[in-house]
Amino acid sequence: MNPELFLSASDPRPMYQQIVDQVTAKVMAGDWAAGQPLPSIRELAAASRVSVITVRRAYEDLERAGVIATRQGKGSVVAERADLPTVLMHEELQRQLAALLAIAARLGLPRSDLHFLLDQAADPTTPDTAGPAGPSAPQGNTP
């Protein structure tokens, strides 16, 4: 397993959160399989050029979230759940839906308009004639 993660000082997220997000993404994508050992805390800290405390916090968060399991004296491994990538994808979908609903609420979009936009995104060949109306509706290519 390549312990190298791509951490950026210009990213607004804290370093530990970048580690959590990247490890979670690798597990979600199936790049890191159930039971696969993770780099040691010291190894990942050295490879990523962050402190051991930062990596430890990320690993603790990942363990609390059920993404990894730590065995005393053995290190950390990807949690041994065959459905883990699917569970993580469902959790991410829920976060994205919550963000979508928050934006729709701020725009004052009625539920019917939101349904139409979702249908249109799922099937771009849907005719635009029955689309959302009024000032909240997207208008052409204007910014």
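Figure 1. At 7% relative accessibility, Val77 counts as buried, where buried means under 20% relative accessible area, exposed over 50% and partly exposed in between, calculated with a 1.4 Å probe on protein chains only. The model shown is predicted, so that local features need pLDDT of at least 70 and side-chain atom pairs count only at pLDDT 80 or more, while totals for chains, interfaces and linings use all residues. Residues are numbered from 1 along each chain as its sequence is written, and side-chain values use heavy atoms, with hydrogens and water left out. Val77 belongs to strand β2, residues 75-78; strands (E, at least two residues) and helices (H or I, at least four) are DSSP runs numbered from the N terminus. Once neighbours within four places in sequence are set aside, Val77 is in contact with Gly35, Gln36, Pro37, Leu38, Ile68, Ala69 and Arg71, contact meaning heavy atoms within 4.5 Å. Although Val77 and Gly35 are 42 residues apart along the chain, their C-alpha atoms are separated by 5.4 Å.

**Figure 2. Ala69 in strand β1.** Ala69 lies in strand β1, which comprises residues 68-71, and it is partly exposed, with a relative accessible area of 27%. Not counting residues up to four places away in sequence, Ala69 touches Glu63, Gly75, Ser76, Val77 and Ala79. The C-alpha atoms of Ala69 and Pro37 are separated by 9.5 Å, the two residues being 32 residues apart along the chain.

Figure 3. In helix α2, which covers residues 41-48, the residues Leu44, Ala45 and Ser48 are buried. These residues cover an arc of only 100° around the axis, which puts them on the same side of α2; the arc is that of the directions from the helix axis to the C-beta atoms. An α-helix has 3.6 residues a turn, so residues three or four places apart point the same way. The cover over the buried residues of α2 includes α1 (15-28) and α3 (52-64). The face of α2 turned away from its buried side carries the exposed residues Arg42 and Ala46, and just after the helix Arg49 takes a positive phi of about 60°.

Figure 4. Thr54 has its place in helix α3 and, at 18% relative accessibility, counts as buried. Leaving aside neighbours within four places in sequence, Thr54 is in contact with Met15, Tyr16 and Ile19. Tyr16 also has Arg57 over the face of its ring, at 3.6 Å from the ring centre; a charge is taken to sit over a ring if NZ of Lys or CZ of Arg is within 6 Å of the ring centre and within 35 degrees of the ring normal.

**Figure 5. Length and faces of helix α5.** At 1.5 Å a residue, the 12 residues of helix α5 (residues 111-122) should span 16 Å, and the end C-alpha atoms are 16 Å apart, which agrees; the expected span is 1.5 Å times one less than the number of residues. Within α5, Asp113, Leu114 and Phe116 are buried. Seen down the axis of α5, its buried residues fall within an arc of 160°, so they line one face of the helix. What covers these buried residues includes α4 (84-107), whereas on the other side of α5 the residues Arg111, Ser112 and Ala122 are exposed.

Figure 6. The structure holds 6 salt bridges, a salt bridge being a side-chain nitrogen of Lys or Arg within 4 Å of a carboxyl oxygen of Asp or Glu. Arg13 forms a salt bridge with Asp11, in which the closest N and O atoms are 2.6 Å apart, and the side chains of Arg13 and Asp21 meet in another, at 2.4 Å from N to O. Glu80 forms a salt bridge with Arg71, the closest N and O atoms being 3.3 Å apart. Of this pair, Glu80 counts as exposed at 55% relative accessibility, while Arg71 is partly exposed, with a relative accessible area of 39%.
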